[in-house]
Amino acid sequence: MRDKDRKLNDRAIKAIAELSSNLEGKEFIDPRDFTSLTKEYEQLDNDIHRKTGNLLSTVGFINKHLKANLDAFSRIYDNYPERLAEHNQDLARLESVEVGKCINPIEGYDLDEQQLTAIAYDVGSRLVIAGAGTGKTTTIVGFVKYLLRSGKALPEEILALSFTNASVDDLKKRIMAETGQRVDINTFHRLGLKIIASANGTVPKISNIKIGEFIAEEIKRRRTDANFVRNLNEFIAYDFESISDEDRFNDSSELIEYLRENPLITLKGERVKSFGEADIANCLAMDGIPYTYEESYCVDTADSMYGQYHPDFHIDGTNIYIEYFGIDRSGNVAKFMTDRNPNAAEEYKNGIEWKRQIHRENGTRLIELYAYERSEGALIDNLESKLKEYGINNVPESPETIFDRTFKSDERMLKSLASTFSTAILLIKGFGKPWGEVYPKSNCFKDRRPLKRMESVLKPIYEAYQSTLADNGEIDFEDILNMAAGCVREGKFIHPYKYVIVDEYQDLSRSRYNLLRSLRSSKDYHLFCVGDDWQSIYRFNGCDVSYILDFEKYWGPSAICKIEKTYRFSGELLKKSSDFICRNSRQCRKDLVGMSGKDSKVFFISKDDDGQIREEIGKKLSFVGKGKKVLFLGRYNHDVRLLSGDGFEWKQNISDNSKTITYALRSDLDMKFMTIHSSKGLQADVVFSINNKTGRYGFPSIREEPMIIPMLLGGENSQIDEERRLFYVAMTRAKETTYIVSQNGHQSDFFKEMFPRNDAYGKKVEMTCPLCGGVMILKTNQNGHKFYGCSNYRSKGCKFTRNW
């Protein structure tokens, strides 16, 4: 063997011995150490590949002992991550027996094997994925007890973090009761204050401002600010809850359903047929240009092929008309138009030419606008440019008039806006950097305009909020976390912790992560996180589910453990809720199992009106056991309105923002209403999830959020995935029975997923045309095929059809 080969052989033998020794030992191998190991042997692996990959080696001219050792190294090195995980998992299972002997029982019960294994898995970073009702808090109590009893940590070397004062107080009591010792248990914000006080010698003044209320008042205060109101209305008209691309609808039935439940109402109160038409109408209204929508054309055009022509818009007092043509740059129509009529594209093109010919023959002027202009973000610019070419001058209404019309028609609009702006501001503040370094930018022309419109209204509100804090000498919760992380990075605070425990880890936000990261960068600690991605529902507060879904991206190689035995519910409810949540594209898969001998149920209630729904809920309550706990859960606070009348009453509870529900025929029941968000962590014997309807304020919420939200979250946190998780949380609060409540003809997509039988609920509603509001009439075409056609075909030229 040549000297060069001998050296390579010796390096391989030494590496094999070290790697094998690690795997044969009785100590945990920290996955973080594997990174340094791979770097150490990366060069050896490259040298071996060069040696075994050359021509002489491939035809057999290589020392057989050398080849055997090189092959042995490659086998162990290539499979080392999997073998390391197997080694740690096997060791954790063995150690779990000793852990059980050390700490069981916990709060009167022995922990199960998965709980004990999670505690025993002693590596630097651990994520424990604990399903609903699996005893995650009990596991945390057991972990603290183990650290103390085993001598791995002193009480002052343990930090436990949770998200609410209530959960912190609960954890304190339970750990004290189980161990008789006090450990440091805090909310993130209370920890932040302790760090700031320790570093600076003073406790900062904390603001009591509720940001959502502040934003709503700030918007109202700017009612006379013409520039702000103009920008706000542009944002509402073009970006707020607006569908950005009509091609999102796969077929006409999706569009029909959407428009039936979410009619497109313009600033002037008209119902229009497409998103592009809504944009055009709103632009004309804001510019003060008088128009009439779908007015009969000035000349009778009815013939054997076409009905009377009704152009989309007529500029009053002129011979100028506007048509919005739903085609792309190649002349193709949207895909939802062709699913039931393969000739739709050709017919639509013929219709365009017919309209052009009408205007040429009668000397009227036509402004043509196209769907692709909207998709590219140029629709409004092109409209205003063409209006100027024809000498149409705008005379905008007063800002007060526009403002009042916008918000007086729907009292919930202002709250919805304030909620959206609040989320955006919390996300921006979470970066802990100046506005200009955080606010998203885009090289895409289509995205630049919406981002600019959003900034024109959001930045003044943000600056007003920041100025108010400064004037009061106060900081808010995001400031606390950012300041605390800064103190740690600057070396003003050195923590004493060997173990940091994070409860409800799925609710982590950027600012909370930054604080945890700064603490660990200054002085390392063992990280023990417990959470459930299926229950991540606080996106509106700036929380980001990616911190749990991509745990190792943020904390490096880690141990991922699961706790999958739920002690809350079982049977049908367990299966249906699990099947439902597993349809989310991004998730940590888990196989929950329930307790044997228990069969929790899930049923639906769907009636024609609120009175019938209340009557049916009353019937269900008559079968509930005496003194049982019942929760009514809504997507929104105003959903409680359902529970008024027919023996039902509700009363506001100031302490926790819930409502006490009473029913005349069951005064013995403990009943409350709260939003699903507020119910997180709670349980009841019976749950009624109400308002599972379609519509603007239905569940799931289908209102599209401004693009800034996913951009600030990194783009992978889907809004509809969050809605699915919220539905799952509602279902899994029940120990015995969950009722999903809806209304006939308005059942939501989630309701239909749970109960897909077409004849299982409600009657079919009378079909109306989603484009013009006409009645859909059963007709027969020249080939004898039946179809539904709009009753306004002749009078208004509406050509909408639907299969029979």
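Colleague: What should I know about the model before I start?

Modeller: It is a predicted model, where local features need pLDDT of at least 70, side-chain atom pairs count only at pLDDT 80 or more, and totals for chains, interfaces and linings use all residues. Residues are numbered from 1 along each chain as its sequence is written, and side-chain values use heavy atoms, with hydrogens and water left out.

Colleague: Happy with that. Which residues of the largest nonpolar core touch the most other members?

Modeller: In soluble globular proteins, nonpolar side chains tend to be buried together. A nonpolar core here is a set of buried Ala, Val, Leu, Ile, Met, Phe, Trp, Tyr and Cys residues joined through side-chain atoms within 4.5 Å, and buried means under 20% relative accessible area, exposed over 50%, partly exposed in between (1.4 Å probe, protein chains only). The largest core has 39 residues, and F421, L458 and I708 touch the most other members. Elements giving two or more residues to this core include α18 (411-430), α20 (445-472) and α28 (708-712); helices are DSSP runs (H or I, at least four residues) and strands likewise (E, at least two), numbered from the N terminus.

Colleague: And what does I708 touch?

Modeller: Leaving aside residues up to four places away in sequence, I708 touches A424, I428, Y439, P440, L451, M454 and L458, where contact means heavy atoms within 4.5 Å.

Colleague: Now the backbone. Which peptide bonds are cis?

Modeller: Most residues other than glycine have a negative phi, and most peptide bonds are trans. Here the bond from N104 to P105 is cis, with omega near -5°, and P105 sits in the loop between α5 (80-103) and α6 (113-120). Another cis bond joins F699 and P700, with omega about 10°; P700 is in the loop between β18 (684-689) and α28.

Colleague: What about phi of E504, and is that residue buried or exposed?

Modeller: E504 has a positive phi near 50°. The residue lies in the loop between β10 (499-502) and α22 (510-522), and counts as buried because its relative accessibility is 15%. D646, also not a glycine, has a positive phi of about 55° and belongs to the loop between β14 (629-634) and β15 (648-652).

Colleague: For contrast, why does P342 count as exposed?

Modeller: P342 counts as exposed because its relative accessibility is 70%. P342 lies in the loop between β8 (320-325) and α14 (344-362), and its C-alpha atom is separated by 29 Å from that of A378, 36 residues apart along the chain.
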